[in-house]
Amino acid sequence: MQSKGAIRFVAILLALACIWQLSFTLVTKIQENKAVKFAEAAAEAVQQSADFAKVPEMDRAFYLDSIRKDQNRHYIDSISSEKVYFGYTYKDIKSKEINLGLDLKGGMNVMLQVQLEDLVKALSGHNQSPEFLQAVSLAKERSVNSRQDFITLFAEAWKETSNGTPLARVFGTLDMKEVTPSSTDAEVIEIIRREAESAIANSFNVLRNRIDRFGVTQPNIQKLGNSGRILVELPGVKEPERVRKLLQGTASLEFWPTYDNAEIEGYLAEANQTLADLLADSAEDAENIAD
């Protein structure tokens, strides 16, 4: 009897734990339904406005759909940091909901390819020798139907096209300081392979950071062996074009001039006095009109 009581107690605890975990999915769904209703109400309000009549008939459905998507995203963004469930914010409960995956929830599946042939060309200082260009071309052609990584295919192609020329002559550049005139082909290939793995890892980290900023919950990002390919699965994505632009966007580094307080303090004081004079004049004009 005591064992049955213990089993019943454990079963109850497990049931409560399951219900607690499932509750995050339920609350998330409730909040998302509110967002849908909010977006629908906004679309209906737009339909009643005078400006909607100016929209061409053939574009109205697309226009309303854009309004719904924009308002839905606006509502979700507005509650992302609000506490909606036992002290948890919407962002917290969204991260704890059950991951349904692409099969059940739908979403976006993207395969990205790191162009290792461009990396190899850059490491060689964009060498233009016929043997090198032919080896890169052969490796690229064979990579379409081969399971081997690009660097291995390049090493094999170089043996066929180099006529005995050592790789150290091609990759003895400023960017490849580890390569010396006495480096063997195997040593050079190993150095190139490390550079390729570093480039893939950097691309992987950039993609993860971008996806984290987008706010997709439970994304699946993985490197596919040494192929240079990165698989990205984003369950529940409703704006694939926005995600595509985010993933394909080119990063840019910008420099802006900055100033010390002492350099601009005089200008700020002058602007403040000018604004005070304008407000005083406006107040005086208002008094004259009232009189």
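## Exercises on salt bridges

The side chains of Arg 68 and Glu 40 meet in a salt bridge, with 2.9 Å from N to O. This is a predicted model, in which local features need pLDDT of at least 70, side-chain atom pairs count only at pLDDT 80 or more, and totals for chains, interfaces and linings use all residues. Residues are numbered from 1 along each chain as its sequence is written, and side-chain values use heavy atoms, leaving out hydrogens and water.

**Exercise 1.** Find which helices hold Arg 68 and Glu 40.

*Solution.* Start with the rule: a salt bridge is a side-chain nitrogen of Lys or Arg within 4 Å of a carboxyl oxygen of Asp or Glu. Arg 68 and Glu 40 meet in such a bridge. Helices here are DSSP runs (H or I, at least four residues), numbered from the N terminus.

**Exercise 2.** Decide whether Lys 140 and Glu 117 are buried or exposed, or in between.

*Solution.* First, the pair: Lys 140 forms a salt bridge with Glu 117, their closest N and O atoms being 3.9 Å apart. Then recall the classes: buried is under 20% relative accessible area, exposed is over 50%, and partly exposed is in between (1.4 Å probe, protein chains only). Lys 140 has 46%, so this residue is partly exposed. Glu 117 has 10%, so this one counts as buried.

**Exercise 3.** Work out how far apart Asp 65 and Lys 69 are along helix H2.

*Solution.* Asp 65 and Lys 69 form a salt bridge. Because they are four residues apart in helix H2, about one helical turn separates them.

Note on methods
Helices (H or I, at least four residues) and strands (E, at least two) are DSSP runs, numbered from the N terminus.
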